Amino acid sequence: MVILWFFLIVPQAIHAVFGGAVRDIRLTSALAAFSLFQAAYYSEIIRAGIQSVPKDQAQAGYALGMRYGQVMSLIVLPQAFRNMVPLLLTQTIILFQDTSLVYVIGLADFFGSAQKVGERDGRLVELLLFAGAIYFVICSAMSYLVKRLQEQKVAA
């Protein structure tokens, strides 16, 4: 839904700012939609990861005479990153799956290309099943990786 709204709203904003310099507004709309939409999710994951580190850790760094940048880069962020990795990978899987939505606004992605070639060659079902299998394999492999990382986190 977000991509559809950006497809309707972003073209007017881009034409107002840049005039007629941008030729393919669909790609610009898709990039803007994915960038802004996913940035909100990733920033929330990072914020939650940083807040998951106990405040005592940062206070210990300050007690050792470290500055804010040192505390964040040497103490807080390494611990937060360990908590964030499974969520970041899960969101990456969601982003990968959402890329197929650009087909709605007329851009060619892997799924759209499979459909076009399938219609051209008369093998639409086979190529759509192939594209679905590729999405399934990639998402399953990444989900397995996330599961393994979560198991390691629990074991540690």
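Tutor: Rings of Phe, Tyr and Trp (its six-membered ring) form an aromatic pair if their centres lie within 6.5 Å, and the pair counts as stacked with planes under 30 degrees apart, as edge-to-face over 60, and otherwise as tilted. This is a predicted model, in which local features need pLDDT of at least 70 and side-chain atom pairs count only at pLDDT 80 or more, whereas totals for chains, interfaces and linings use all residues. Residues are numbered from 1 along each chain as its sequence is written, and side-chain values use heavy atoms, with hydrogens and water left out.

Student: How many aromatic pairs are there by this rule?

Tutor: Ring pairs link F96, F110, F130 and Y135 into a cluster. Under the rule for ring centres, the count of aromatic pairs comes to 4.

Student: Is the aromatic pair of F96 and Y135 stacked, edge-to-face or tilted?

Tutor: The two rings lie 5.0 Å apart, centre to centre, with 45° between their planes. The pair links distant parts of the chain, 39 residues apart, with F96 in helix α4 and Y135 in helix α6, where helices are DSSP runs (H or I, at least four residues) numbered from the N terminus. With that angle, the pair counts as tilted.

Student: Which residues does Q91 contact, leaving aside its neighbours within four places in sequence?

Tutor: Q91 is found in helix α4, which covers residues 68-98, and counts as buried because its relative accessibility is 8%. Contact means heavy atoms within 4.5 Å. With those sequence neighbours left aside, Q91 is in contact with Q38, Y41, Y42 and I45.

Student: How wide an arc do the buried residues of α5 cover around the axis?

Tutor: The buried residues of α5 are G112, A114, Q115 and G118. They lie on the same side of α5, because the arc that they cover around the axis is only 160°.

Notes. Helices (H or I, at least four residues) and strands (E, at least two) are DSSP runs, numbered from the N terminus. Buried means under 20% relative accessible area, exposed over 50%, partly exposed in between (1.4 Å probe, protein chains only). The arc is that of the directions from the helix axis to the C-beta atoms.
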